[in-house]
Amino acid sequence: MDPSFPGLGTVINIVTVVVGALAGMAIGHRFPDRTRSVVTDCLGLTTLLMAGLSAVSVTDRVLSDATGSGAPVLIVLGSLLIGSIIGSLLRIGDRLESLAGTIEAWFARRSPALADTDDDAQGTSAREKFIEGWLSASLLFCVGPLTILGSLSDGLGRGIDQLLLKSVLDGFAALAFASTFGVGVLLSAGSVAVVQGALTVVGVLLGSVLPEPHILALTATGGLMLAGIGLRLLRVKDVPVADMLPALVVAPLLTQVVIALR
């Protein structure tokens, strides 16, 4: 397969979710807490590495030539500040967290009706576990900065490194989920395909209209958000990365404003 083909990162992500779910159904419950903690630390450090590689875009000559030598850092700072203020006022993080509870409650209220189609009481329990596993895993895999940043980066032709990192994270998460919820986690691979596939298409479309300086500003801003994810994984600080998501929209807009004012 052509490594430059848009969507390759999503394909890999789907495979890791499937493999992780299958492994979790077989052996996931046997991993001790210490092993899971060390793996999470390794993923956190790797996320910080990816954050640095993305954030270094702020030093790209194309961006500085378009906006001025001192403007790129201010653009990234302004994007994060404005985006975070917007996100916190809109309570994006809280809304995303409550979304999971709302959907699960919606299905929980209707699970008895679904269970009536199965005379086996054990079958009812399996059906509820299937739905909960699918919903929980889908929300985890499809709602987050790495999903958006990685898919957009893939579509923009800037590589699939972020989605490769997300694939590893999702693989281990699928293993843990599947050890509890079973086969329902496999269905979440379909959710990944739909959501990330759509975001990749958006990235392809943006790549045809966004100039290079705007993309560089978006990439650098996203890199700092990735650093926030790394800090969360390392349990250093619970950075509210979800509230920062509007910064990805603000960055190219602010870049255009700076260029227009020069």
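Which residues of H9 are buried? I started there, keeping in mind that this is a predicted model.

**Entry: helix H9**

I read off the buried residues of H9 as Gly184, Val185, Ser188, Ala189, Ser191, Val192, Gln196, Thr200 and Gly203. The helix itself runs over residues 184-207, so 24 residues by the DSSP run. From first C-alpha to last I get 35 Å, close to the 34 Å expected at 1.5 Å a residue.

**Entry: second largest pocket**

Next I looked at the second largest pocket, with a volume of about 250 Å³. It is lined by 16 residues, and the closest to its centre are Ser54, Ser153, Arg158, Gln162 and Thr219. Which helices each supply at least two residues of that lining? I noted H2 (33-55), H7 (145-155), H8 (161-181) and H10 (212-233). By residue type, the lining divides into 7 nonpolar, 7 polar and 2 charged.

**Entry: salt bridges**

How many salt bridges does a search of the whole structure find? The search gives 5, and I went through some of them.

Asp65 pairs with Arg61, with the closest N and O atoms 3.7 Å apart. Both residues sit in helix H3 (residues 61-67), 4 residues apart, which is about one turn of the helix.

Asp94 bridges to Arg91, and here the closest N and O atoms are 3.6 Å apart. Asp94 comes out as partly exposed at 43% relative accessibility, and Arg91 is partly exposed as well, at 46%.

Asp238 goes with Arg232, the closest N and O atoms being 2.6 Å apart. Is Asp238 buried or exposed? I put Asp238 down as exposed, because its relative accessibility is 58%. Arg232, at 39%, counts as partly exposed.

**Entry: positive phi**

I then turned to backbone angles. Arg91, already noted for its salt bridge with Asp94, has a phi near 55°, a positive value in a residue other than glycine. Where is Arg91 placed? I found Arg91 in the loop between helix H4 (71-90) and helix H5 (92-115).

Arg235 also has a positive phi, about 60°, although it is not a glycine. Arg235 lies in the loop between H10 and H11. With a relative accessible area of 52%, Arg235 is exposed; the cut-off for that word is over 50%.

**Entry: Thr255**

Last, I looked up Thr255, which is found in helix H11 (residues 247-261). Why does Thr255 count as buried? Thr255 is buried because its relative accessible area is 0%, and buried means under 20%.

What is Thr255 in contact with, leaving aside its neighbours within four places in sequence? I listed Leu63, Thr67, Ile75, Pro213, His214 and Ala217. Among these contacts, I followed up Leu63. Thr255 and Leu63 are 192 residues apart in sequence, yet 8.9 Å apart in space, C-alpha to C-alpha.

Note on methods: Residues numbered from 1 in each chain as written. Predicted model: local features only at pLDDT ≥ 70, side-chain atom pairs only at ≥ 80, totals over all residues. Heavy atoms only, no water. 1 Å grid on protein atoms, 1.4 Å probe; cavity = no way out; pocket = protein on both sides within 12 Å on 5 of 7 lines; lining within 4 Å. Points joined across faces, edges and corners; volume = space filled by probe spheres on them. Nonpolar A, V, L, I, M, F, W, Y, C, P; charged D, E, K, R; others polar. Expected span 1.5 Å × (residues − 1). Buried < 20%, exposed > 50% of the residue type's maximum accessible area, 1.4 Å probe, protein only. Salt bridge = Lys/Arg side-chain N within 4 Å of Asp/Glu carboxyl O. Contact = heavy atoms within 4.5 Å.
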